[in-house]
Structures are given as structure tokens and as C-alpha cells.
Amino acid sequence: MNETQTNAQNIVEVENLVKYFPVRAGLLQKVVNQVKAVDRVSFNVKKGETLGMVGESGCGKTTIGRSMLRLVEPTSGEIRYEGKNILQLKGQGLKDVRRHMQIIFQDPYASLDPRVPIGESVMEGLHIHNIGSRKERYDLMIDTLKKVGLEDYHARRYPHEFSGGQRQRIGIARALALRPNFIICDEPVSALDVSIQSQVLNILKDLQAEFGLTYLFIAHNLSVVEHISDRVAVMYLGKMVELTDRNELFNNPLHPYTQALMSAIPSPNPKVKRQRTILKGDVPSPLNPPTGCRFHPRCPIAEEICSQQEPEFREHNPGHFVACWMVK
């Protein structure tokens, strides 16, 4: 398959994405350091797939998602949506692209205006993009609420009148109202009960099948990622360390960090004992990340080269990318 055909299959392409947050100090608030939240990350998302992104808190998953929508401005790199570099877009051009790229936030209550009925919140995007008449927007809003399991009378209620699971459905409805092609799901089920998690995940899968949606699904629960994802990317301290098909990752994890994450998944069979890989120490600070491989201070198989040179993120097997000196 040639490069043109491969690019045609990708709805989003991220190349060498960098996001540093300045640390200021002193009376004049001079920049004294940089938090290296995301450091030269590259990947693509194929049309119609769900790309799961996992890693510990603070590894840069949410920053990547928000940078892709320019909710935070990247420091450098390229983000292409259907071939357009959105970092070069301004004004109406950026507004048009954002109609097709939406986000479901982790905390639905914080993302909803408590003073506005949820029907108005769902219609807000339609109003901003001048889609349809007032009646057409209202009908589309009602239809969208019903697709996520809510009823028309819910449109008149306020956010505090809903449970956490219902609020997350509202968040999904608001993202879906504009009929986007690509949705970033930023840990949409992490704050929900297990029974509610399954309902929300099934809604997301049903909507994907109905509307041909593409998801970037950010999570830290590997069981959830295994259930919903087609491919999985593993992040560690601002770097991507592994990327491959879901089944390949769960059956044959190559990076030591991925192996440690897999060993922590609870087994449904209490008689089966899983051999745990216990990582020593804490995650280093992104203010001063380690030299070489960022995982080497905690890696059980690290050698001298790991602390001296950064491993290349390379294709070890067809479609299976990894950044580790010990994977031959």
C-alpha cells in the first residue's frame, strides 16, 4: 500500500507534537523551567476506528487530546485533520474544522453551565455554527437526547437534577449534536459506577456504528480500553512507548511498562494467579525528565544504554510500534 492510500485512510495525523507549559517565578514572572507534558509524539487515527490511549495520571494523554482541538495551543508539531494542518488555521477556517472535531470531557458537571437547561447546552453548538432554524435546532436536540437514552422532557431540566451517568449522556449528546466525524473521549467513564460504565460504553459503540464516528478514547482502565478500542497507544511521561492492535497488545505486550500495566489487570477467575510486575519508585517529574529512555529509572530490565540514549519509536512487527532498547 502506497503512502497516498495510507494517508487517505487517516482522519487525523499527529506528527512530532510538543506541548511545554512554562513555569514562572519571581517578581517579573520570568520563565524558569518548562513542564514537558508532551514531547515529540506522532500517531494517526484511522477513519471509523477507536484508538485507545492509556497511561498513568500525568503522562500527557489529556494534553494530547486538548492540543488536537487547540483547546491548549501546542508548542510545536503538526496536527492534520483530513489533510489540513489545523495549527495553521485561524478564524472561520478553525471554526469550520472544530464543527467536525468534538470532545467529551471527563467531568460532565464541570463542563455544563449550571444556570442553563441542558437542552440549551446541547443546542449551543448548533447556534454558534448557524445550523438550521430555531425549530430545526430544537428538533435535532431532542433527537440527539433520545439517541443517548434521555427523553424530551429532560431538555427543560438543569444539570444538578441529573445523576453522574445522565450528565455524561448529556456530554455525549452535546458532542454529537453537530454530527462530527471525530470525537475525543477524555476518560468519559472513569468517574462512573461499573454498571453505568457499560451503559455509556455501549451508547458510544452504537453511535459509532450509526454515524460512522472515529474516536480517540483516553482512559487509564485497561479493561475498558480492551472492550472499546481497535488499536491502543501507551503513554509514559509525555512519550508514546507502544502502539499496536488491541489483540496484539493484550496478547504480546513488548514494552516493560506495558507489561507492568497488563500484570495489574484483575483476573475474573479467582483461582488464576497473575504474576505481578511491581514497578519501583515514583513517576519522575516532567519538569526534569530522565535522560535516555524516560522509563529506565523504574524499568526492571534496564541496561546502561537506556540511561544514555533515547530509543527510537520504531515498527518492530507489522503495525506494532515500540520504543525500547531491550526489544530486539
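1. Starting with T244: this threonine is found in strand 10, residues 239-245. T244 counts as buried, since its relative accessibility is 2%; the cut-offs are under 20% relative accessible area for buried, over 50% for exposed and partly exposed in between, with a 1.4 Å probe and protein chains only. A polar atom of its side chain lies 3.4 Å from the backbone oxygen of G319. Beyond four places in sequence, T244 touches R231, V232, L249, G319 and H320, where contact means heavy atoms within 4.5 Å.

2. Before going on, a word on provenance: this is a predicted model, in which local features need pLDDT of at least 70 and side-chain atom pairs count only at pLDDT 80 or more, while totals for chains, interfaces and linings use all residues. Residues are numbered from 1 along each chain as its sequence is written, and side-chain values use heavy atoms, with hydrogens and water left out.

3. Leaving out residues up to four places away in sequence, T50 touches Q208, Y215, F217, I228, S229, D230 and R231. R231 turns up in the contact list of T244 too.

4. Now helix 10, residues 256-263: 6 of its 8 residues are buried, so take the helix as mostly covered. The buried ones are P256, Y257, T258, A260, M262 and S263. They pack against helix 8 (222-228), strand 9 (231-236), strand 10 and helix 9 (246-251).

5. What lines the largest cavity? The lining is H255, P256, C293, F295, H296, C299, C306, C324 and W325, and it divides into 7 nonpolar, 2 polar and no charged residues. Nonpolar covers Ala, Val, Leu, Ile, Met, Phe, Trp, Tyr, Cys and Pro; charged covers Asp, Glu, Lys and Arg; the others, Gly among them, are polar. The volume is about 50 Å³, and the structure holds 1 cavity of 30 Å³ or more. For the method, a cavity is a set of points on a 1 Å grid over the protein atoms alone where a 1.4 Å probe fits but cannot get out, and lining residues have an atom within 4 Å of a point. Points are joined across faces, edges and corners, and the volume is the space filled by probe spheres set on them.

6. M326 lies in the segment after strand 12 (320-322). Outside four places in sequence, M326 is in contact with I301, E303, I305 and C306.

7. A search of the whole structure finds 16 salt bridges, each a side-chain nitrogen of Lys or Arg within 4 Å of a carboxyl oxygen of Asp or Glu. In one of them, R134 pairs with E120 at 3.0 Å between the closest N and O atoms. R134 sits in helix 5 (residues 134-147) and E120 in helix 4 (residues 118-128), 14 residues apart.

8. The side chains of E310 and K239 also meet in a salt bridge, at 2.7 Å, N to O. E310 lies in the loop between helix 11 (304-308) and strand 11 (314-317) and K239 in strand 10, so the pair ties together parts 71 residues apart in sequence. E310 is partly exposed at 38% relative accessible area, whereas K239 is buried at 11%. Through shared partners, salt bridges join D39, R40, K239, R294 and E310 into one network.

Notes: Helix = DSSP H or I, 4+ residues; strand = E, 2+ residues; numbered from the N terminus. Polar contact = N/O pair within 3.5 Å; in protein donor to acceptor, adjacent residues only side chain to side chain. 1 Å grid on protein atoms, 1.4 Å probe; cavity = no way out; pocket = protein on both sides within 12 Å on 5 of 7 lines; lining within 4 Å.
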